[in-house]
Amino acid sequence: MTPLTFSIAGAIASVLLVLVVLELIRKRRLKERYALLWLVTGIVLLVLSLWRSATATIADWFGVETYPPAVLFAVAVFFILLVLLDYSTAISKLVDQNVTLAQRLAIVEEKLKERNRL
């Protein structure tokens, strides 16, 4: 069974994560698309922190016998990896768009130079 102090600390951290994400959305510093994974992460971690027997059950499923709260850490790492993968795909798309934009700008600048020479 997960120690009570660990459950309380996990629940507080999860609530803080959700509140920070909601505040960033409210201030328009974080788009809803990117906030969704963070909110899901916070909610899942909150549920696992408060539902202590579920953490122990999941630990048993994965063969974690010595320290069941390690499952919370593993779940957090998994969700953070999902967020990083989502960000990587978004950055890749932006890089491609940036290259296309730079090429189009170069073409427009070249046409402008030609026009000014005539």
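Axes here are lines fitted to C-alpha atoms, for helices over the stretch in contact, with angles running from 0 to 180 degrees between N-to-C directions. Nonpolar covers Ala, Val, Leu, Ile, Met, Phe, Trp, Tyr, Cys and Pro; charged covers Asp, Glu, Lys and Arg; the others, Gly among them, are polar.

A word on provenance. This is a predicted model, in which local features need pLDDT of at least 70 and side-chain atom pairs count only at pLDDT 80 or more, while totals for chains, interfaces and linings use all residues. Residues are numbered from 1 along each chain as its sequence is written, and side-chain values use heavy atoms, with hydrogens and water left out.

Turning to the other pair, helix H1 (residues 4–26) and helix H2 (residues 32–50) have axes that come within 8 Å and cross at roughly 160°. H1 is therefore roughly antiparallel to H2. Among the residues making this contact are Gly10, Ser14 and Leu17 of H1, and Ala35, Gly42 and Leu46 of H2. The contact of H1 with H2 comprises 14 nonpolar, six polar and one charged residues.

What of helix H3 (residues 52–61): which of its residues are buried? They are Ala54, Thr55, Ala56, Ile58 and Ala59, buried meaning under 20% relative accessible area with a 1.4 Å probe, protein chains only. Their cover includes H2 and H4. Just after H3, glycine 63 adopts a positive phi of about 80°.

Finally, the overall form. The protein has four helices and zero strands, these being DSSP runs (H or I, at least four residues, for helices; E, at least two, for strands) numbered from the N terminus. Its C-alpha trace spans about 80 × 30 × 15 Å along the principal axes. Of the 118 residues, 26% count as buried. Contacts between residues 24 or more positions apart make up 67% of those with a separation of 6 or more.

Technical notes. Parallel < 35°, antiparallel > 145°, perpendicular 65-115°, else oblique. Contact = heavy atoms within 4.5 Å. Buried < 20%, exposed > 50% of the residue type's maximum accessible area, 1.4 Å probe, protein only.
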